[in-house]
Amino acid sequence: MTRRLAEVAKYVGVSEATVSRVLNGKPGISEATRTAVLTALDVLGYERPTKLRGERARLVGLVLPELGNPIFPAFAEVVADALARRSFTPVLCTRTQHGVSEGDYVDMLLDQHVSGVIFAGGNYAQGAADHEHYHRIADRGLPAVLVNAAIDGLKFPRVSTDDSHAVEQAYQHLVALGHERIGLIIGPEDHMPSLRKLTAYQGKAAEPALFEHTMFSLEGGHAAGTRLMNRGATALICASDVLALGAIRAVRRLGRSVPGDVSVVGYDDSSFMTCTEPPLTTVRQPIEAMGQAVVALLINAIAGNPIPTDELLFEPELVVRGSTGPAPAA
C-alpha cells in the first residue's frame, strides 16, 4: 500500500496524503486532482478501490496494428495531442508477434475502465479475422471509433479516407503520363480498404486483371511488383508507401529504373517519403483532419451526445514527386 501511494503521488506530483484522501473518498480534493490520481492508478496498473471501480477512467485506448509503418505513429501523435487537449490520456496498444492480440488488448482496456477506444488498421477491416471483441465492446456500451473501411455489421462510427478517389487520382495521373499497363498492388483478399481500391481500379483499367494481393510489407511489395512487371506493367499503384518501397526494390532487382522504366505510386504519404531515391509520388491521407474528427466523435459519444452513424469520408491528395514519369517508349 505504501509503495502504491508513493508511486502514484510521484506520478501525479502531489503528496501521499492527497492520494490517500482520494482513495478513501475524503472531501477537500479538487476534481482535477481526483481525476489525475485515478488516472495514475490506471496507467500504473494498480486496481482502484472497490467503491471507485464503477467509474470510467479518463483513459482512451488507441489500438494500432504496428509501429513499423510510419503512418501509424503519425496518426497516434495527432490523436494523443487531441485527447490531451480534452484532458484524456491515451493508452497505446500495438499488436505483437508474440501473442498479444487485439482481443487481448480489448480485455485489458475493459479491465482498466477506459472511457472509449479508437481502432486504426485493426481486425474490423478484414473479413476473415476475429471480431468477437468488437461485440464485447458494443455489449458494454463502450464508445469506439474505427479508422478506415470496416466489414459490414459493425455499428461503430467510422472515419475513412476515400479509397476510390485515391485510386482514381493515381490512375489518371499515370494515364496522363502515357501509361497503359498500370498494375495495382493491394492487401489481402478480405481487406476492405483494398477491396474498395480494387473496385475503383477495375472500373478504370483497360486491363482490370493486372493486380496482385499481398501482405502489407516490403517483402510483399517486392514479390507483387515482380509478378506485375513480368506481366508487362509499366506503372504500379500501391496500397501503402511500404508496399511502394518494396515495389521500387523489385524494379531495381530486375535491372530497371524508377521512373525511367517503371513508375510507382504509394499511398499514405508517411514520413521520409521525400527522402527516398527518387522521392515517392503518393496519395496523402489527411491524417491531421481525420485524427481530429475521430477524437471529436469519440468525446461526443463519451459525453452521451448523438453522433453520426454514417461513415465520414475524407478526400485524399495526390502528391507528385520523382517516382513517376512518362511511359517508356515501346
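**Exercise 1. Overall architecture**

How many helices and strands does the secondary structure of the protein chain comprise? Describe the extent and burial of the chain as well.

*Solution.* The model is predicted. Step one is to count the elements: the protein chain has eleven helices and twelve strands. Step two concerns extent: along its principal axes, the C-alpha trace spans about 80 × 35 × 30 Å. Step three concerns burial: of the 330 residues in the protein chain, 50% are buried. Step four turns to contacts: among those between residues at least 6 apart in sequence, 70% join residues at least 24 apart.

**Exercise 2. Surface and charge**

**Exercise 3. The faces of helix α1**

Explain why the buried residues of α1 line one face of the helix.

*Solution.* Begin with the buried residues of α1 (residues 2-12), which are Arg4, Leu5, Val8 and Ala9. Viewed down the axis of α1, these buried residues fall within an arc of 125 degrees, so they line one face of the helix. The general rule is that an α-helix has 3.6 residues a turn, so residues three or four places apart point the same way. Next, consider the face turned away from the buried side of α1: it carries the exposed residues Thr2, Arg3 and Lys10. The packing partners of the buried residues of α1 are α2 (16-23) and α3 (31-44). Finally, α1 is followed by Gly13, whose phi is positive, near 85 degrees.

**Exercise 4. Aromatic pairs**

State how many aromatic pairs the structure holds, and characterise two of them.

*Solution.* There are three aromatic pairs in the structure. One of them joins Phe119 and Tyr134 edge-to-face, with 5.1 Å centre to centre and 70 degrees between the planes. Phe119 belongs to strand β3 (residues 116-120) and Tyr134 to helix α6 (residues 132-140), and the two are 15 residues apart. Both Phe119 and Tyr134 are buried. Another pair, Tyr171 with Tyr201, is also edge-to-face, at 6.3 Å centre to centre and 80 degrees between the planes. Tyr171 lies in helix α7 (residues 163-176) and Tyr201 in helix α8 (residues 192-202), so this pair ties together parts 30 residues apart in sequence. Tyr171 and Tyr201 are both buried.

Note on methods:
Residues numbered from 1 in each chain as written. Predicted model: local features only at pLDDT ≥ 70, side-chain atom pairs only at ≥ 80, totals over all residues. Heavy atoms only, no water. Helix = DSSP H or I, 4+ residues; strand = E, 2+ residues; numbered from the N terminus. Buried < 20%, exposed > 50% of the residue type's maximum accessible area, 1.4 Å probe, protein only. Contact = heavy atoms within 4.5 Å. Arc of directions from axis to C-beta. Phe/Tyr/Trp six-rings, centres within 6.5 Å; stacked < 30°, edge-to-face > 60°.
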